[in-house]
Amino acid sequence: MTGAELREAFLKYFERNGHTRVPSSPLVPVGDQTLLFTNAGMVQFKGVFLGEEKRDYVRATTCQKCVRAGGKHNDLENVGRTARHHTFFEMLGNFSFGDYFKADAIKFAWEFLTRDLGLDRRRLKATVFRDDDEAFNLWKSVAGLPEDRILRLGEEDNFWAMGDTGPCGPCSEVHFHQGDDLPCAEEAAGRTCLGPACECDRWLEIWNLVFMQFNRDASGKMTPLPRPSIDTGMGLERMAAVMQKKLSSYETDLFAPLIRRIAELSGQRYGADAERDVSMQVIVDHMRATTFLIADGVLPSNEWRGYVLRRIMRRAMRHGRKLGLTEPFLWRGVDWVADVMGGAYPEIVRERGGIVEAVRQEEEQFARTLDQGMRRIEEYAQAQGAGRGRPVDGRFLFTLYDTFGFPRDLAEEVLVDQGWRVTDDTNATWEREMEAQRERARAKTGFGADEGAADTVALYQQIGGSLARPQQFVGYETLTAPATILGRTGRGDIVDTFYRGSKLIVHRVKVATGGFRENEEVAVSIDSPRRQGLRQHHTGTHLLHAALRRILGTHVTQAGSLVAPDHLRFDFSHGTQVKDREIEQVEELVNEHVQANTPVTNAEMDLDAALAAGAMALFGEKYGDRVRVVKIGDFSTELCGGTHLDTTGQIGFFKVAEEGAVASGVRRIEAVAGTAAVEAVARRERVLREVADILKVGAEEAPQRLRKLLDEQKTLERQLAEMETRLARGRADDLVASARQVNGIAVVAGRIDGLDPDGLRAVADTLRDRLGSGVVCVGSVVDGKVNLVAAVTKDLVKRFPAGKLIQEVAQAAGGRGGGRPDLAQAGAPDPGRLDAALALVSEWVARQP
């Protein structure tokens, strides 16, 4: 049975048993900032389990996309090295929301495993929570398992909780016997294998049934839930391995085609070398995670979800280097993954072009970082000698990270592979360096405490409650409406409006005066000018999105947005810089549709029908079975629940204010519409007139005049730099003449102010060449910052590595640096400590053996 057949068999089985097949939710949990990624099937039903949301069904079945690569569920370092750890995986599940409970959950699991999949009953065992007599007896009566095939385990293994408080309950697991021929540490130590409770691979957990039957309060007291529920999970990859008689999921048809492709690309044979096998397994796993995360809107960056994706991608790239793949290759895997999994997940086929572009760009960018970092690591290893279990220097790791952007975890993995250890001292040194960097950053900004912080807290404390009624949103058609007090309330301004679950509309209010009674009828009215501004910028956002897709390509998708009364912000996926002419074309296209005064229509329809009609579903949005479709002629069709204009002409005028990059592969446009757009153009005209007056030319001549002045300035700066270099080389002659002999080694240490790092390196090279044999360290102050360069002749690099010398001198000046054994450089913030730091050069040379 293939993985695809297994997926479909599971879903169809539960459909036959009254369950509604629900599509997988995105890997980014919608409206849940507490969770890094969707990591289990129950995530999309969290509101249902908590009683905040109701669905049209009480039984559901899903095949959920999941990622576990950070936080509590961080399996990243094990991925590729074990038979079953993965970053991306699929979780098959069946759910009951207050409908059936333990008896049916156990019956369904047993029937599907033994009848539909045909597993040998003799190779199955069950575990239950130690106090769950009901589940224990059900496994006996429903499944016919004898007592010796049902194990009672403790809370760590067989009890589930959503959090410290809230829904919780015992769980029961089904384990499959893979064979007693597999090694077991317990038996090797002369003890008996513990079966499903053992850490060995003889028994494999294949299904977890969670019986959500209690609510735990802050004191730890558990009370029975009025409507107990069921949440189960079966890993598709694990079960596919069982069905295909494989001990590793990498050998199943879900991974094997990908491994074959990477083996062909690298010219290596899978199964010939254990370490190369690990690299291939890392790469194919990370290809899957990368493809699905980007398809769901995550892009590589240095923040939160984007940072985890970047770590995954860069780990795959480093393992590619181990296989000899020095050119970008990971982008090819997008097509391979789409070939294997596109049938079940059409979004990765639909977004293929954009995913390939994002991956290729990240690869090209990281290739430079990887080359630089690996060279520095090689130099470090050569200078320090073999690792042999010695601790890694946290200062070196921080220099790699801070100077070259080389990720710490990747550097640690490389060095550990070479025999080094990451110790508490390593971590402590890293933290000291990081804190020193933060202090330097704070000193540079000069910002003090946020004086507005107290006001912000006071404002938050004044928010007095909620106005709500569990009916439909009426703001599309009217600016006033009645509402009923359902909670603590007060008269004042509504500062936020949101849904609690799928039915209840809540208004959060900043209390002004008066008091209120629960269930009191109140009048709720909208700030008309503010609403009009929101409508103009929201409809403008739809036009902008459609125009970007027309001008830049259909790979453009929304990556984030903000609609305010006086401006809009739109983040979108695009791998290259947007040209000025392209911005002009986008702006012109939007204004064409504004001038056409096209009607803006909306209609409610089934989600599937809306998507089939071409409506765009935006990343991060959570849609029900019925959706609202906003259509602007034949130009734009999107699923949207926001307020819009009646016609595009009501926008008046649209103007792009700014465009730029916000992350790798993500661009941002700031724009204004209506009165705000007219005011923005007026401000620009005032600035242009002022510039023209200063230059004493007409406004149209100002750009040409500025270019001429800048060209003249560059010429003068170049002439000045050449003069400074000539003077510096003259100073070099004086320094060579003043060279000191330290234990028979010629040492030159001196200061040549006014030189930037390039100029200082040129002088250091000159000094080293003139010495013939010796050690050089020179410093310079430019714009209040210290530059340092150390150079050592080739005959002395083993005794006096420049990288070690520069670290000591830079540290004395309050900075840090590094480099090759023959040439290294550094920077420091305090010019007043430069002379004392340079005085240490001779002392350092004297101390070396």
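**Close-up views of a predicted model**

**View 1. Contacts between helices H10 and H13.** Arg310, Met313, Arg314, Met317, Arg318 and Arg321 of H10 meet Val359, Glu362, Glu363, Gln365, Phe366, Ala367, Leu370 and Asp371 of H13. The model shown here and in the other views is predicted. H10 covers residues 304–322 and H13 residues 352–384. Their axes come within 10 Å and cross at roughly 65 degrees. The crossing is right-handed.

View 2. Glutamate 413 belongs to H15, which spans residues 408–417. Is this residue buried or exposed? Its relative accessibility is 9%, and glutamate 413 therefore counts as buried, the cut-off for buried being under 20%. With neighbours within four places in sequence left aside, glutamate 413 is in contact with Glu77, Arg81, Arg315, Arg318 and His319.

**View 3. Packing of helices H8 and H11.** H8 (residues 256–266) packs against H11 (residues 332–341) with the axes 10 Å apart and at an angle of about 150 degrees. Angles over 145 degrees count as roughly antiparallel, and H8 and H11 are therefore roughly antiparallel to each other. The crossing of this pair is right-handed. On the H8 side, the residues in contact are Pro257, Leu258, Arg261, Ile262 and Leu265. They meet Arg332, Trp336, Val337, Asp339 and Val340 of H11.

View 4. S4 runs from residue 124 to residue 129 and is mostly covered, with six of its six residues buried. Four bridges pair S4 with S7 (residues 166–177) in the antiparallel sense. Within this pairing, lysine 125 has histidine 175 of S7 as its bridge partner. S4 also pairs with S5 (residues 150–153), in the parallel sense and again over four bridges. Here phenylalanine 129 stands opposite leucine 153 of S5.

**View 5. The four-stranded sheet S15-S16-S21-S20.** This is an open sheet of four strands in the order S15-S16-S21-S20, and the pairing is antiparallel. S15 (558–563) and S20 (654–663) stand at the edges; each has a single partner strand, so one side of each is left without a neighbour in the sheet. On average, neighbouring strands of this sheet are turned by 15 degrees against each other, direction ignored. Helix H18 (residues 528–552) packs on the sheet and touches S15, S16 (568–573), S20 and S21. The direction of H18 makes about 25 degrees with that of S16.

**View 6. The hairpin of strands S20 and S21.** S20 and S21 form a hairpin with two residues between them. Glycine 665, in the turn, has a positive phi of about 80 degrees. S21 consists of residues 666–673 and is joined to S20 by eight bridges, with the two strands running antiparallel. Which residues of S21 are the bridge partners of lysine 655 and valine 656? Lysine 655 is partnered by valine 672, and valine 656 by alanine 671.

**View 7. The six-stranded sheet with edge strands S22 and S26.** The strand order of this open sheet is S22-S23-S24-S25-S27-S26, and its six strands have mixed pairing. The edges are formed by S22 (740–742) and S26 (816–819), each with a single partner strand, so one side of each is left without a neighbour in the sheet. Neighbouring strands are turned by 20 degrees against each other on average, direction ignored. S22 is joined by three bridges to S23 (residues 745–751), and the two run antiparallel. In this pair, valine 742 stands opposite isoleucine 745 of S23.

**View 8. Helix H23 and the glycine that follows.** H23 spans residues 757–771, a total of 15 residues. From its first C-alpha to its last, H23 reaches 21 Å, close to the 21 Å expected at 1.5 Å a residue. Its buried residues are Gly759, Leu760, Val763, Ala764, Thr766, Leu767, Arg768 and Leu771. An α-helix has 3.6 residues a turn, so residues three or four places apart point the same way. Just after H23, glycine 772 takes a positive phi of about 80 degrees.

How values were computed: Residues numbered from 1 in each chain as written. Predicted model: local features only at pLDDT ≥ 70, side-chain atom pairs only at ≥ 80, totals over all residues. Heavy atoms only, no water. Expected span 1.5 Å × (residues − 1). Buried < 20%, exposed > 50% of the residue type's maximum accessible area, 1.4 Å probe, protein only. Pairing = 2+ DSSP bridges. Axes fitted to C-alpha atoms, helices over the stretch in contact; angles between N-to-C directions. Contact = heavy atoms within 4.5 Å. Parallel < 35°, antiparallel > 145°, perpendicular 65-115°, else oblique. Left-handed = near helix turned anticlockwise from the far one by under 90°.
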